[in-house]
Amino acid sequence: MTRPLAGPAVPTAQERATRRRRTLVVLAVLAVGATAAFLTVGVTGSWDYALMMRSRRVAAMAVVAVAVAVSTVLFQTVTNNRILTPEIMGFDRLFVLIQTAGVFFLGAGAVTATDPRLRFAVEVVALVGFGALLYKTLFGRTERDVYVLVLLGVVLGAMFSSLTLLVSRLIDPNEFLTLQDLLFASFNTVDQQLLALSAVVVGAVVLGVYRLLPRLDVVALGRDTALGLGVEHRRVVNLALLAVAVLVAVATALVGPVTFLGLLVANLARQLLGTHRHAWVLPGAALLAVLALVGGQLVLEQVFGFNSALSIVINFVGGIVFIALLVREPRQ
Amino acid sequence: MTRSTVDAAPPPVSPPTEGRRRGVRRWHVAGALLLLLTASLASLFIGVSDLSPLDLLEPDEGQVRVFLVSRVPRLAAILLAGSAMAVAGLVMMSLTRNRFVSPQTAGTTEWVGLGIVVATLWFGGTSLIGKMAIATVFALVGTFFFVWLLRRIVLTDMIVVPLVGILLGGVVLAATMFLAYRFDLLQSLDAWMNGDFSGVLAGRYELLYLVLAATVVAYLYADRFSVAGMGESFAVNLGIAYTRVVTVGLVISSVVTAIVVVSVGSIPFLGLVVPNLVTLAMGDNLRRVLPVTALTGAAFVLVCDVLGRTIRAPYEIPVGTIGGVIGGVLFIALLLRARTKGAS
């Protein structure tokens, strides 16, 4: 908690803006550096091939990073809390469950025969609809009780996983293989078509969010204040939640659940930039997420020789940070 | 456990209700027993190889073998694991004075998993007993660490306690998965952790009888757990060796969790949901509640297992998966109910 007590030099707005800009530039440089290193370090043999493969993976990571960072910041704004993330609330597991249920009810053949773009659209709509319905019924009554929310989210997430497992056991073993291909896409095996589509979707959502920024800042002040200042609170919240659902769906569809990434980068971005203004926090969090994913993967691969254990590491670090946040959260 | 959360949290039971006396009548217990018996019979005669009760009158050799080597051990394992895990949850819930604390929400299960992986990797842990011993050590360390953490962070909200436990479990699980990933054990890890009785055969589950001993000890200590659950100062005033009683309780629940998870895997929410449901119906007198908790726990697992074996016969759905779904629904219902009641 940095509180400018009776310090002699309280930085002016200008100075703070300069410092924040500098922070963002540093982050951007680091992110670009990590990307460049990821593309080039340790290439042996054909450069063309290596670059092509690696750039596809980097692109997937960047799309996921932006999606996770933006969705987390938005979610924290509308829920007015900095320890909630869509992933902790079980949104990503819900998406996996929807996909599994799709294969179960329609059959793997029908699912794979469908245009991936159409499939994706249907899944996102189902996620938004079902998620909104579920979370509204569950959370409507206990709107302000964050702890119940988080616990419910954690349990729901676990339950969705169990349900997914259950449904996948009901599926014909042959069809299950198809499903596995659908579900356990990793950065290494991202479908090119889906990647391009996802990039477009994330770009569009981010553009839309950009226009919401000033109103989001007001919404972050709380419902009553926002209404008092003449912002249609409900509308902004609904729009933001829609954006969150789409972004989570994209990220999960691309690489599967990465639970704690958003929590890490959103909080770190606020800390580094010393502000809650979305115009600063969103790009900061996105850059941090790129840095975490690409840099983390780079370190894991080049230093430790691992292939895809990054989400495990993120969950490890993220879990510890989350506990620290919970413990330090001021209590009423 | 002074000044902790634990003392600050409201007592887990509601005071004796006015007017209508709640309590479980004898016929409730009789009904539960009957249900358990029916499900047990069902469990004995469900399976890939046909075996009907009539066959036992004039059995051929194969049928006897199936019955004695597979069906009976499986039923025994289910009853032992289900009752012991429910009792372990009850003990933890009572000692921490928090109705959302159980081996599954304190991270004990995940510590056992870490122990299993460590045993497999570095102790050539082929023997089940060795694995169990190491897993027990990990469970003890993890459980005591959780309690220590609770004491250090003075939390006012009783919901935060299980939340911290679940997340701690997540961190431990991530560490376990990292090790498993590193040494190519991910698949076996999944098989170990997800509760599943399909591998239970005569000769492969007998260590589970150890949990019976732990449950008996829990019963003998029941009154002391009840008193300890009222807080340290209260317990000390009544002449209870508070620390020792708490230690015994945590050791029992750790040991039971370790043995059950090593033998058959984890059954999510079991230690959490069953004690809650039973204490909701019967109040908090541990000595009275404990036998019913054990019964209900066994019945819960048995029903999950029978469901898992019938839904998609001849394939089998692990009991951990079924339990995760049913237990999750029940837990969410409990959580919402507790909150609505607390708020009003």
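Reply: A residue counts as exposed when its relative accessible area is over 50%, as buried when that area is under 20%, and as partly exposed in between. The model is predicted.

Now to the charged pairs. Side chains of opposite charge can pair when their charged atoms come close. Over all chains, the count is five salt bridges.

In chain A, A:Arg277 forms a salt bridge with A:Asp217, and the closest N and O atoms are 3.4 Å apart. The two residues belong to distant parts of the chain, 60 residues apart. A:Arg277 sits in the loop between helix 11 (261–273) and helix 12 (278–304) of chain A, while A:Asp217 sits in helix 8 (residues 192–219) of that chain. Because its relative accessibility is 44%, A:Arg277 counts as partly exposed. A:Asp217, at 18%, counts as buried, since the limit for that class is under 20%.

In chain B, B:Asp305 takes part in two of the pairings described here. One partner is B:Arg74, with the closest N and O atoms 2.9 Å apart. This pair links distant parts of the chain: B:Asp305 is in helix 13 (residues 286–310) of chain B and B:Arg74 is in helix 3 (residues 61–96) of chain B, 231 residues apart. B:Asp305 has a relative accessible area of 2% and is therefore buried. B:Arg74 counts as buried too, with a relative accessibility of 7%.

The other partner is B:Arg309, where the closest N and O atoms are 3.1 Å apart. Here the link is within one helix: B:Asp305 and B:Arg309 are four residues apart in helix 13 of chain B, so about one helical turn separates them. B:Arg309 is buried as well, with a relative accessible area of 8%. Through shared partners, salt bridges join B:Arg74, B:Asp305, B:Arg309 and B:Glu316 into one network.

Conventions:
Residues numbered from 1 in each chain as written. Chains lettered and ligands numbered in written order. Predicted model: local features only at pLDDT ≥ 70, side-chain atom pairs only at ≥ 80, totals over all residues. Heavy atoms only, no water. Salt bridge = Lys/Arg side-chain N within 4 Å of Asp/Glu carboxyl O. Buried < 20%, exposed > 50% of the residue type's maximum accessible area, 1.4 Å probe, protein only.
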